[in-house]
Amino acid sequence: MTSQKCKGARDLLPKDTEAFRYIEDVFRRSCLSWGYQEVRTPTLEYMYLFTAAGTLTPNMLSKVYSFLDWDGWSGERVVLRPDGTIPIARLYIENLSQQEIARLFYVTNVFAFEETGKENRERWQCGVELIGSDKPASDAELILLAIEILRSLNISDVQIQLSHAGVLKALLKELKLKPDEEIRLLDQVFDGNWQVLTETKPSNSDIGRLISLFLNLRGKTSGFLENLKALPQIPVTLKPALDNFSEIASLLDALSCNYQIDITSTRGFEYYTGLCFQFSAKGEKIGSGGRYDNLIPLIGGKSTPACGFALYVDPIINLIQPQAKRKAGQGILVKCDKTTPDSIKTSFQLAQSLRQAGYATELDFSGRQSDWRWIITVQEKPPPFLVIDQAQNQKKEASSIADAIKTVGGFA
Amino acid sequence: MLTEGQLDYVRIALPKGRLLPATACLLKETELEFKDYTQGTRAYRLKSTKLPYLSAKIFQEKDIPIQVAVGNYDLGICSLDWIEELLAKYPASALIKVADLEYSKGNLYLAASRYRNISSLQELSTGQYSWRIVTEYPNLAEIAALNLRLRRFRIFPVWGAAEVYPPENADLALLWARDDSEIRAQSLFSLKTLLSSTAFLIANQESWQAKNFSQVIAYFSQGLEMKAKPWLKIKPDVAKSSNSFRPDFNEEKVWLALPDGHQQPPTSEFLNKAGLKLQGYSENKLNRRPRFNLDWVNVKVIRPQDMPLQVANGNFDLAITGKDWLLDHLCRFPSSPVVELVDLGFGQVKVVAVVSQDLPVANIDQLKQVQDVNLSPLRVASEYVNIADKYLHDNHVSQYKLIPTWGASEAFLPEDADLLIENTQTGKTLAKHNLKIMDTLFQSTACLIGNRNSVESLPKKEKIASLVESFRQAAEAN
């Protein structure tokens, strides 16, 4: 049979869903214990929320699922949420803006068209947003929270890459381009084409050298940034962003959090203004985040600093260890030797009592085999119950429901 | 030279309309002549006079890139703007641009009215105003709007006459014109040239990889290398009216849209009978802004297909269109505020489901059974995309592909579609093309439509009511 599944869509099978739930549980537990609150936003949003300059790049926008709603004769398009952060910013503006600090988290799907249909067009992410603080300690908080979650998931060798959109944007300003050229260059850079930066030949060759210095070097401590700051050709306009970058980096140093500084690790979002970070493991990108101080005013809120991150569920599912043999293996299959109304009734009663006693219990009236550990047969003739332990290959009789439960307990 | 036996059967899609004279000339000069490929021809399927393995079908230009991309045709000729319009939305289309045929030069312009104070592109990316863009190229318009970082915009796809909407009924138009002077003649000015276009020879990618049509390509190459290229001298006559006008932003004026095309003569006759005098609304010289004898009514002549959407958005208060187009709009937007105010009685057509005479089915259920055996999705061509979609839903046709067309839909059967949803007056044209009517969906006549909200809005309420009343009286007298 040919598949009827939509191109680029993905089914989560029981095993995947179990891994998904596990990731979600670990994520939620950590977020709640750090004082974050869970929210959900709708799948549909107006397109114009994402089109303002400084939100999504035109390249990303061209991959958005947009359409006219059934009442969309005005031409106002709606989209399947292409990004997790912008809807949260909207939610904050409309509902929570009186809060000085909002710590929010969510598990959501985001949609983006992908040409080949081989990659997922619907992706899941676990996101965290810290709205209302401009302190470097908040940037550090997010990185530590993400690391804690990834550690709880037993993902080893997580690499952290740091970059800084403020430094990058200040550097671009030094190229003294026309506003529209600058934004086009920035878009290309965010789409991953860093080449264009080195191809732009600035009139001031100091800036050219500086750019290649930034692009080619990788730092491991805040010392690297201090070294850059001390360079004679660093323009003053770059200083505030570099100071901020260095301050966060030294905080992370003090917290013994290892990272790599790679200015080219920023990808995708125009709305970042400060620190950007990215997590990867086994060569796979598993999360990213950053500071976006201008986003909330840009979409109609009052000036509010904010930062956040998202962990990508799809690659993480592939990275986590197969779960310890699921507890469900300890479940019970209840069947009856004759399917009379009486024995079916007894089966349901028995199953109910077993569930109350904490056992996962499945009913079967078709005589199939099962890999559950226990099978209890409801018999028409006494003894009323036969308890089989498949793991130990033992059989025991039971005279009542209570006795059957006790027998299972005895085996365990 | 290959012998004929070794050559594959090759199909080429040729354009109707604007591109036809120059294309016909080029084909004639390069030995690729087709009999009956002339302006006003009634034939759709053409045979090459010299090459027995080569056949052609005539399409609306806009349909050609799609037909070639899906592989119904190996080759096609159309203008670059329509190719780019397809690629803007479906960049992975299996299309190859084989050769620039150089004729029919023009540009796609993003233009604003010189009467509205949009002075630069920068203005468009600031503020919360939602810019109204009318265009026959909605995909290119959307990409352009995104790239220009328009903060808020609404695209109104139209079937034609985009130039007449600004400044009162739209802010921007994305439209084709031969040059800047043609844009200026419409009292527009160009904010940006999006692309320069000429006629192109295109090929389906898989055909190109698998078939041998080198001989056909060679003839084209020969033509392009000729010294004298008479087809370059053929100037297509684009009947765009260029007239001066005064824009009218008076909020108390009633905006009325009148149809061009087939519906124009009967509408004109009807208005005469109703005692409503119009200057410049006749076949010989169409003014897209005719003058009414009532000075509180502003009139524009646009395509009837576009009217319901325009009325829904309040760009026009009243319009004369067909019930077919009203229904197509309501199928897409069920809660739209557009309502039929007066049935005008003329322009009677049936909207019908049509199949090939050769298909042994008498109704949709039998067609579904045939379909279940074939297991391939039903290919449905229609100008009425939303009516067709609803008809297929209502009849529980499980797998189908809708092929939107821009006229001349009967040419699609039987090779390029299985079912057609089309309008017909007598059914004679359908019979001539070896087609039969399988089902009648509804009867359509011309009607006056209005916007539920503007009909009740205070400053215009009485004016609209009196205009509607004179239409009603004339319709009853008919």
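Two residues count as being in contact when their C-beta atoms, placed from the backbone, lie within 7 Å. The model looked at here is a predicted one, so local features need pLDDT of at least 70 and side-chain atom pairs count only at pLDDT 80 or more, while totals for chains, interfaces and linings use all residues. Residues are numbered from 1 along each chain as its sequence is written, with chains lettered from A and ligands numbered from 1 in the order in which they are written.

Chain B holds an open, mixed sheet of five strands, ordered S8-S7-S9-S6-S10 (strands are DSSP runs of E, at least two residues, and helices runs of H or I, at least four, numbered from the N terminus; strands pair if DSSP finds at least two bridges between them). Strands S8 (153–157) and S10 (188–197) of chain B sit at the edges, each pairing on one side only. S7 (residues 131–135) of chain B runs parallel to S8(B), with five bridges, and Trp131(B) faces Phe153(B) in S8(B).

Now for the helices. H4 (residues 138–147) of chain B packs on the sheet and touches S6, S7, S8, S9 and S10 of chain B. The direction of H4(B) makes about 165° with that of S8(B) (axes are lines fitted to C-alpha atoms, for helices over the stretch in contact; angles run from 0 to 180 degrees between N-to-C directions). Helix H3 (residues 80–89) of chain B lies across S6, S9 and S10 of chain B, at about 85° to S10(B).

As for Leu174(B), its contacts beyond four places in sequence include Leu108(B), Ile133(B) and Leu140(B).
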